[in-house]
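Please read them with the coordinates open.

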Amino acid sequence: MEPVFRTLEIAATLAVRATGTRITYQGLEHLPASGGAVVAINHTGYVDFLPAALAAMKRKRRLRFMIKAEMAEVGIVRWLIGHTGAIPVDRQAGAGAYAAAVESLRRGEIVGMYPEATISRSFELKEFKSGAVRMAMEADVPVVPVIVWGAHRLWTKDHPKALGRNKFPITVMIGGAIAPTGTAQQLTTTMRSEMTKLLHTAQDTYPRPDGAAFWLPRRLGGTAPTPAEARAIEEAELAERARRRRGERS
């Protein structure tokens, strides 16, 4: 029994009800009822994790997330990490987190991670890191592709939060488990292909606004940056962070 995790599950369920958020789940049967799996989730906003975790809860599973190590600098978050089995990731030295995730998978846990690593401003899939597939291959567990669509309307980069009672619909689409076979590159290609199909289906079946909207990709008539524009913004941010770090050391 994990009382903290259970309390968080109840709180999350109540928060969804209180805000009038409508979550539709498709493909829940693809989340394994037992045994380890890497759950690969697209990343469009700051609350993607919540619908994904609730999907796992519906399968009577608990999703162990890999999260940025700097989040542990916040006292309450550090406490929650220790009580929910979350795996903090230091992007400068990720070997420890990688090993911890593989061990969790071998114990039969399902581990949630974002192959894109950071939020996609274009709301299309970014380039994938190889960590998800390498973990699956080393632990000999499947990869389960998951798309969360609509949660970015609540809170994403460059836009104000909208966490009140907005009744935004959210779609969670879960694809079939992908066996950890072939090379890491081949498995990444397969995972990306499956997640692209799921994303396009989720986008095509989601209610559309009458006009353009910030949360729609440019491809669908929205005002989000194109993937190329989003990449340029991200590169500028990284350059600015590097400049600040150099300034701090000087």
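1. Which residues does methionine 135 touch, not counting residues up to four places away in sequence? With contact meaning heavy atoms within 4.5 Å, Met135 touches Val38, Met66, Tyr98, Ala101, Val102, Leu105 and Met113.

2. On provenance: this is a predicted model, in which local features need pLDDT of at least 70 and side-chain atom pairs count only at pLDDT 80 or more, while totals for chains, interfaces and linings use all residues. Residues are numbered from 1 along each chain as its sequence is written, and side-chain values use heavy atoms, with hydrogens and water left out.

3. Met135 is also among the residues with the most contacts inside the largest nonpolar core, along with Val38, Met66, Val143 and Met191. That core has 37 residues. A nonpolar core here is a set of buried Ala, Val, Leu, Ile, Met, Phe, Trp, Tyr and Cys residues joined through side-chain atoms within 4.5 Å; buried means under 20% relative accessible area, exposed over 50%, and partly exposed in between (1.4 Å probe, protein chains only). Two or more residues each come from β2 (37-41), α4 (95-106), β5 (110-113), α5 (131-139), β6 (143-149) and α6 (184-205), and α6 gives the most, six residues. Helices (H or I, at least four residues) and strands (E, at least two) are DSSP runs numbered from the N terminus. Another core, of 26 residues, lies apart from this one and includes Ala56, Tyr114, Ala151 and Val172.

4. Alanine 37 sits in strand β2 and counts as buried because its relative accessibility is 0%. Its contacts, leaving out residues up to four places away in sequence, are Pro32, Leu105, Glu109, Ile110, Val111, Val141, Pro142 and Val144. For the pair Ala37 and Leu105, the C-alpha to C-alpha distance is 6.3 Å, at a sequence separation of 68 residues.

5. Is serine 104 buried or exposed? Ser104 belongs to helix α4 and is counted as buried because its relative accessibility is 5%. Beyond residues up to four places away in sequence, Ser104 touches Ile87, Glu109 and Val111.

6. In strand β1 (residues 22-26), Ile23 and Tyr25 form the covered face, whereas Arg22, Thr24 and Gln26 form the uncovered one. In a regular strand the side chains alternate between the two faces of the sheet. Strand β1 runs parallel to β7 (residues 169-174) and is joined to β7 by five bridges; pairing requires at least two DSSP bridges. Arginine 22 stands opposite proline 169 of β7.

7. Grid points are joined across faces, edges and corners, and a volume is the space filled by probe spheres set on the points. The count is one cavity of 30 Å³ or more. The largest cavity holds about 40 Å³ and is lined by Leu31, Val39, Ala52, Ala55, Ala56, Leu63, Ile110 and Val146. Helix α2 supplies the largest share of this lining, three residues.

8. The second largest pocket has a volume of about 210 Å³. Of its 13 lining residues, Thr19, Thr21, Leu50, Leu154 and Leu163 lie nearest the centre.

Methods: 1 Å grid on protein atoms, 1.4 Å probe; cavity = no way out; pocket = protein on both sides within 12 Å on 5 of 7 lines; lining within 4 Å.
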